[in-house]
Amino acid sequence: ACSQRVPNPSLAGMSRPSPAPALDGGVLLEEILLRLPPQPSSLPRASLVCTRWRRILSDPGFRRRFREHHGRNNPPPLLGFFEKEFRVDKPPIFNTTATGERDRIPPARFSAPWSLGEGWEFLGCRHGLALLICRARREAIVWDPLTGHRRRVAFPPGWKSVQNAAVMCAAAGQDGHVHGDCRFSPFRLALVRGGSNGTRHFACLYESESGVWGDIASVETEHSTSTCIANPSVLLRNSFCWLLSGGAILEFDFQNQSLAVIQKPADAHAADYYWSFYVKTIQLDGLFSPGPTMGQNAVMMQGYNEDTDAIFLSTFFGNYMLQLETTQFTNLPKTRRNCMSSRTFYPYRNFYITCNSLSLSVMTPLVLAYSA
């Protein structure tokens, strides 16, 4: 006798859920390609697989989604850093931090727009934008190293000198914005200078969306101080911050366009730079070459990476990038050994994808790297 299946009364009248619709083959392939690592060599190598992959990877819409996928919760990858000597009219040098040969970007690819003899100076980069100023011409240039696009901005009326400056994408912090497309977004530019006697400081904000300078903010200090030109700005919430001589911090709140001085704690040493941003004791003994003598154990802080809480250190034996959370060191290129570096390091983060043709925009630097 054959057994018969007895229906379950509790399932009477209930229909089985319909299966989820299968993804289209092209959509599924795009979802897979979106998850390639955001390194300079990832998309060009994948584009060599076949014509179909190259067509997808070259599409501007795909590249936009690629940046959104990888930049939604993380900053763009660190492509390298600009290294600037402490002297005017010396162009910065780009150095890659990539460990693999395929991801190395030739320094000439990010050559700054420079006119020797005019007194230009590189003052930092943030959100994929770099900043140069010329005191003689009384103007600043906001430069996109990836595309070469530049925007000239004249100093505020009456400003003859600038001690330091900072730039940022004005869309920072907005929902859905991903840094890497900042060349299409408005930017903020801040300039700071000191008074004739050094006891008063001034700051002014330019917003590209309106195309005008804001009101000039000022603050008075107890003693004569100057903004340290060699130290880059730090973006802290709605403020740009710079180090003053003596260890105090000059804070420019660009939201309220107000200027303030944060005094150094009484128990901090003169060399405790950026004490207000990060307080952590790191044992450096034994991390560098053994046997330092006659002052060779000195360590100088030469830069700061806001996105990953990493600092750039210069020692007698070499230059390093130190991750503050993990205390992990990365060796950096150094042109001269057995001496302290007098250069400042500015980290540069972006997605290395440009132009309409993927093969021309990303493969060309790779070919140059192989032939170097």
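Below is a short chat about the predicted model shown above.

Q: What should I know before reading numbers off this model?
A: It is a predicted model, where local features need pLDDT of at least 70, side-chain atom pairs count only at pLDDT 80 or more, and totals for chains, interfaces and linings use all residues. Residues are numbered from 1 along each chain as its sequence is written, and side-chain values use heavy atoms, with hydrogens and water left out.

Q: What is the mean pLDDT of the protein chain?
A: The mean is 78, and 74% of the residues reach 70 or more. The pLDDT is the predictor's confidence in each residue, from 0 to 100.

Q: Which elements have the lowest and highest mean pLDDT?
A: Helix α6 (residues 363–371) is lowest at 32, and strand β10 (residues 212–213) is highest at 96. Helices (H or I, at least four residues) and strands (E, at least two) are DSSP runs, numbered from the N terminus.

Q: Where is the pLDDT below 50?
A: Residues 270–279 are one such stretch, with 21 contacts in the model beyond near neighbours in sequence. Residues 359–372 also have pLDDT below 50, and that stretch has 24 contacts beyond near neighbours in sequence. A contact means heavy atoms within 4.5 Å.

Q: How many helices and strands are there?
A: The protein chain has six helices and 20 strands.

Q: And how much of the chain is buried?
A: Of its 372 residues, 47% count as buried. Buried means under 20% relative accessible area, exposed over 50%, and partly exposed in between (1.4 Å probe, protein chains only).

Q: What share of the contacts is between residues 24 or more positions apart?
A: They account for 52% of the contacts with a separation of 6 or more.

Q: How does the lining split by class?
A: There are 21 nonpolar, 13 polar and six charged residues. Ala, Val, Leu, Ile, Met, Phe, Trp, Tyr, Cys and Pro count as nonpolar, Asp, Glu, Lys and Arg as charged, and the others, Gly among them, as polar.

Q: How many salt bridges?
A: Twelve, taking a side-chain nitrogen of Lys or Arg within 4 Å of a carboxyl oxygen of Asp or Glu.

Q: What does E121 pair with?
A: R135, at 2.6 Å, N to O. E121 sits in strand β3 and R135 in the loop between β4 (129–134) and β5 (139–143), 14 residues apart. E121 is buried at 6% relative accessibility, whereas R135 is partly exposed at 21%.

Q: What about R152?
A: Its side chain meets that of E139 in a salt bridge of 2.3 Å, N to O. R152 is partly exposed at 42% relative accessibility, and E139 is buried at 12%.
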